[in-house]
Amino acid sequence: MLLMTLTTKYVNVFVNSKKHYYFSLFCSMPCETKSRFVVLYGSQKGQAQSIAEGIAEEAEDHGLVAELSCLNQDEKYNLEKEIAPVVFVVSTTGDGEPPDNALQFVKRINKNQSPDHYKHLSYTLLALGDTNYANFCNCGKTIERRLQALGARQFYPAGFADDGVGLELVVDPWLEGLWKAVKEASSKMASVRNDESEANVKDSAKEFLGLTQPDVQLNLLSITDQRSQEAVQTDFHNVPSAPSTSSGQNPSTFSGRTEFVSQNDAMQTKDEGIPHISSSSPLTNSVPPLSQSSLNVPALPPPFLDVTLVEVDAPEQNVGPLKETFHEVPISKAVLLSRGDSVKTALLLELDISTCPALTYQPGDSLDVLCPNRAEEVDYMLCRLGLKDRRDHRVHVALRKDTKKKGAHVPPHIPQNVSLLFLFTWCLEIRSVPKKAFLRALVEYAADGTQKRRLQELCSKQGAADYNLHVRDASLSVVELLTAFSSCSPPLSLLIEHLPKLQPRPYSAASSCLRHPGKLHFVFSVVELPACFGRPAGRRGLCTGWLFDLIHPGIVFPGKTESSSSPAPAKAIHVSLRPSCSFRPPSEQSVPFIMVGPGTGVAPFIGFLQQREEARKRNPEAVFGETWLFFGCRHRNGDYLFREELEGFVASGTLSHLKVCFSRDGREAEEAVASAANPRYVQHNLLLYRQQVADILLRQSGCFYVCGDAKNMAKDVNETLMEIIKTELHVDQLEAMKKLAELREKKRYLQDIWA
């Protein structure tokens, strides 16, 4: 930083107003002690926002000032005039699309074509994505590509973090190097500005000296920020290897937090319907060498919420969700699609949407289903907090006046004046996998020394492998974590600060309005999570388990007609439509297309084919393109979903080719060998018909759709397509990749996949 000082032999009394102006100019030059930079984020589910907030909070420890904004808060930042370094943190959602709160920003920079528009801008970028999905980190890559096209300069290499293997593998080292890079960029940008400023000052000084006696000398003094010279580690605190002991008292720094739970309250909850975790579990007990290591533990997240409970005269009557954009619709039918001893239970639900025009859909669209947390898990959480007797109290949440959290705000998914029961049932994702910041915060509330040490290990850099193994990869929930670490007594405010929004679950529409007017079908398999060290007994997925329990008494079994007895009262669920931007049948009916949908991935293609069949009936003279469906499952007699309907499509000519394979029929999995005559998976059938696939995709300008598992199937199909392109076009790997990218760009290679 530069400080302008005015040294004089003596200063005459100025009477000329112009002389007064220059004197005040030199004497009022500001003295900055901290460099500023800008942090902008685009986030769909909160990951990118959390990282951006962490950067802003940590900046002060590095002698910096961060200005935090969401990309849709364009009134808070101005990149057109920004002279400080800018850090972007963005995620990708859907089929490579920007988060909702970054969409307008991306549209704006895509529209701008001036190559010098951001020539003054110095930036870096951290992109979050998942390689299980197509278009990895596409939003971040798009923003970076456009910034560079508009003249911006990168001051620190971009980071592309993969949630498929663990974001921290990229995020942690990227953040470590960020601080030095920001300081260097700030220094360089300040130096350029100071050179320009100094030239302007010298010009002004000459004019000033021309008005007075030449006895004024200007000296530039360099001021070094003492904080930047301190050799301290600000982003981590060292923890010794020996387990610490604890009296069960919370540290004084948390004395201002509103607490509603005592240590005894928290321990009286072993038999609330949640399986007990063994005290010898590797989740809660460490072993050498980690137990003997010194740890780098993240800084404690600052508390930022005050939570109070207000007693009411009458308990809340409405225990359903806040409806907003969701519509309550009855389930008119439930059909079991899987048969026999199938490994997975697959069901079709029919919704009556006849009175809800907002749910008018097209094939390829999805719907969001809003489900509650399980009642027994909500009860456990309330008991654990010592608040079960206050379940009907109203919750009031406000910002702490003394919070040190940058950009702190009450989470938008926390409504005011709802009951505690409602909050835990419909608002907080208690099944979410706990982040390391939450584990770090729990350390302060662990009464047992061994458990305190283990929580420190799991959130530390040295314990990353254990965190991935026992928490992340096992999909351990917050409920299960608190069950395992029984000595932890977190306050209510901590959970509201750290638990994300209870998200609706998306499902593909499996019908056509033309075939089923006023009805909407969707298909799901009941998710079964296996037992692990933090989960003594397996459990069902939250939404699929809830749906199964909801409709179980009224399920129609395969091959049987609906019961003629009095039907059970119709159950209702809350849904909203999620229209697809691109995953739709070709608009031109003559365009051929290929569908790949093993298992429940066939669901949207049932809608495609129902729509096509109705269109053929209504336009018998029209020309329709060729259609292919590649379907696969474990067993023909157990998992062949929609078998009769698919064979009916073939018989009517709606579906030109149906290619099926069964991975477990007539062989042991370990001994199974795929061959041309005996394909096991959909990619094997694709290779078997490579010439036809290539002809439709590369010569007839057809479309290729994939729906289903992202982790294995979608990757294998993508690699198979690459091989087909290489073979049929006689090109190398790079050219094949370019061709696939071109097909994606033209919306002719489309995916609807999930992890």
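Let's start in the middle of things: the largest nonpolar core holds 55 residues, and Met381, Leu420, Phe424, Leu492 and Ile496 touch the most other members. Helix H9 (residues 420–427) gives this core its largest share, seven residues. A nonpolar core here is a set of buried Ala, Val, Leu, Ile, Met, Phe, Trp, Tyr and Cys residues joined through side-chain atoms within 4.5 Å. Keep in mind that this is a predicted model, where local features need pLDDT of at least 70, side-chain atom pairs count only at pLDDT 80 or more, and totals for chains, interfaces and linings use all residues. Residues are numbered from 1 along each chain as its sequence is written, and side-chain values use heavy atoms, with hydrogens and water left out.

**The whole protein**

- The protein has 755 residues, and 49% of them count as buried (under 20% relative accessible area, with exposed meaning over 50% and partly exposed in between; 1.4 Å probe, protein chains only).
- Its secondary structure comes to 22 helices and 26 strands, which are DSSP runs numbered from the N terminus (helices are H or I with at least four residues, strands are E with at least two).
- Among contacts with a separation of 6 or more, 81% are between residues 24 or more positions apart; contact means heavy atoms within 4.5 Å.

**Around the core**

- Leaving aside residues up to four places away in sequence, Phe424 touches Asn373, Val378, Met381, Leu382, Leu385, Ile430, Leu492 and Leu495.
- In soluble globular proteins, nonpolar side chains tend to be buried together.

**A parallel pair**

- Strand E2 (residues 35–42) and strand E3 pair in the parallel sense over seven bridges; strands pair if DSSP finds at least two bridges between them.
- To get from E2 to E3, the chain goes through helix H2 (residues 47–59), making a right-handed β-α-β crossover (with the strands pointing away from the viewer, the path from the first strand over the helix to the second runs clockwise).
- Leu40 sits opposite Ser69 in E3.
- Strand E3 (residues 64–70) is mostly covered, with five of its seven residues buried.

**A six-stranded sheet**

- Six strands form an open sheet in the order E17-E14-E21-E12-E13-E18, with antiparallel pairing.
- Strands E17 (505–508) and E18 (519–525) are at the edges and have a single partner strand each, so one side of each lacks a neighbour in the sheet.
- On average, neighbouring strands in this sheet are turned by 45° against each other, direction ignored.
- Strand E13 (residues 346–352) pairs with E18 in the antiparallel sense over seven bridges, with Leu349 opposite Phe522 and Leu351 partnered with Leu520.
- Strand E12 (residues 327–336) runs antiparallel to E13, joined by five bridges, and Leu336 stands opposite Leu347.
- Six of the seven residues of E13 are buried, which leaves this strand mostly covered.

**One residue to look up**

- Ala484 is in helix H13 (residues 478–484), and it is buried, with a relative accessible area of 7%.
- Ala484 and Leu283 are 201 residues apart in sequence, yet their C-alpha atoms are 7.7 Å apart in space.

Notes
Axes fitted to C-alpha atoms, helices over the stretch in contact; angles between N-to-C directions.
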